[in-house]
Amino acid sequence: MSIIVFTILLLLGAYCAGLLGSLTGLGGGVIVIPLLTLCFGIDFHYAIGAALVASIATSSGAASAYVKEGMTNIRLGMFLEIATSIGAVLGAAVALWMPTNAIAIIFGVVLLLTIALQFRQKTDYVDVKGSRLAMKLKLFGSYPTKDGKQQKYELTNVTGGFSVMVLAGALSGLLGIGSGALKVLAMDGCMKVPFKVSTTTSNFMIGVTAVTSAVVYLQRGYIEPGIAFPIMIGVLAGAMSGAKLLKRLDVRLLRKIFAVAILLAALNMIYNGIIGKF
């Protein structure tokens with residue numbers, strides 16, 4: 001296969017990953033890793049490096065729009081980034097010496113967890129009594145509603161959410177994915193942050209976490225421009241297309257079908273990891 005054909009195939013695959021990731025809310029990273037490792041036979045570490053670069057690009061684009069709309073709690077995001085950055089450095093460092101078959105198994109398990117979290121009940125917590133620590137750190141906020149008003153909210157269990165964020169950052173550095181599902185779980189499940197705010201704040205954080213992990217991979221030479229650049233362009237273009245289509249499509253059926261595809265990819269990852277194929 002020539003370099004030109006290889007690059008075109010990477011662009012097309014990454015575009016589909018970004019498009020489907022945007023429509024389903026799973027993010028392009030969970031698709032890029034199986035695409036590169038299972039379809040193209042690329043080493044897991046190089047695949048993670050490329051996925052991290054793509055996460056930085058897509059998160060930066062989407063996060064700016066959410067910040068402009070006033071949905072993102074910037075103060076909360078920057079506070080929790082301390083936890084995810086610590087976890088990301090630890091996860092990236094562990095990934096460099098961990099056997100790739102073990103990384104594949106962990107990746108498959110995280111994919112299964114991500115699918116399960118996609119179908120949990122989404123709640124807008126409006127009657128939560130905020131904790132003293134959250135008040136002291138000024139983490140309370142508000143977000144715009146459909147009628148143009150501002151809905152205020154408070155949050156609680158800051159230490160619990162912070163702890164889960166360390167794990168989310170570690171998985172991001174270890175696997176090269178945004179770990180958005182775990183970030184949302186930390187804010188939505190532990191801290192009782194309204195779902196709209198937790199998802200947009202998670203997106204705001206993903207890029208910063210990916211940058212922290214990418215530095216470690218860059219120093220070790222695992223970010224290959226010939227792989228990372230077409231993946232970044234393709235995923236970014238696909239995510240932008242998905243954002244436009246999302247307003248017109250009913251993606252509930254698509255999410256269910258895609259969940260089955262991700263389930264099969266997860267099982268394939270776990271199986272190949274167990275037999276030592278990677």
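**Entry 1: Thr 37**

I started at Thr 37, which I found in helix H2, residues 29-39. The model is a predicted one, so I kept that in mind for what follows. Is Thr 37 buried or exposed? Its relative accessible area is 8%, and because the cut-off for buried is under 20%, Thr 37 counts as buried. A polar atom of the Thr 37 side chain lies 2.7 Å from the backbone oxygen of Ile 33.

**Entry 2: the cores**

Ile 33 came up again when I turned to the nonpolar cores. The largest one holds 46 residues, and Ile 33, Leu 36 and Ile 231 touch the most other members. Which helix gives the most to this core? I noted helix H3, residues 44-69, with eight residues. Another core, of 19 residues, lies apart from the largest one; Ala 83, Ala 134, Met 165 and Phe 204 are among its members.

I listed the neighbours of Ile 231, leaving out residues up to four places away in sequence. Ile 231 touches Leu 10, Ala 14, Val 32, Leu 36, Ala 50 and Ala 54.

**Entry 3: Gly 173**

Next I went to Gly 173, in helix H7, residues 158-175. Its relative accessibility is 0%, so Gly 173 counts as buried. What does Gly 173 touch, beyond residues up to four places away in sequence? I recorded Ile 48, Ala 88, Gly 91, Ala 92, Ala 95, Ser 213 and Tyr 217. I also checked Leu 90: it is 83 residues from Gly 173 in sequence, while the C-alpha to C-alpha separation is 7.3 Å.

**Entry 4: the chain as a whole**

I then took the elements of the protein chain and found eleven helices and two strands. Read from the N terminus, the order is α-α-α-α-α-α-β-β-α-α-α-α-α.

The chain has 278 residues, of which 48% count as buried.

**Entry 5: confidence**

Last, I looked up the confidence values. The mean pLDDT of the protein chain is 81, and 84% of the residues reach 70 or more. Where is confidence lowest, and where is it highest? Helix H8, residues 180-190, has the lowest mean, 76, and helix H6, residues 132-136, the highest, at 90.

Technical notes:
Residues are numbered from 1 along each chain as its sequence is written. This is a predicted model: local features need pLDDT of at least 70, side-chain atom pairs count only at pLDDT 80 or more; totals for chains, interfaces and linings use all residues. Side-chain values use heavy atoms; hydrogens and water are left out. Helices (H or I, at least four residues) and strands (E, at least two) are DSSP runs, numbered from the N terminus. Buried means under 20% relative accessible area, exposed over 50%, partly exposed in between (1.4 Å probe, protein chains only). A polar contact is a pair of N or O atoms within 3.5 Å; within protein, one must be able to donate a hydrogen and the other to accept it, and residues adjacent in sequence count only if both atoms are side-chain atoms. A nonpolar core is a set of buried Ala, Val, Leu, Ile, Met, Phe, Trp, Tyr and Cys residues joined through side-chain atoms within 4.5 Å. Contact means heavy atoms within 4.5 Å. pLDDT is the predictor's confidence in each residue, from 0 to 100.
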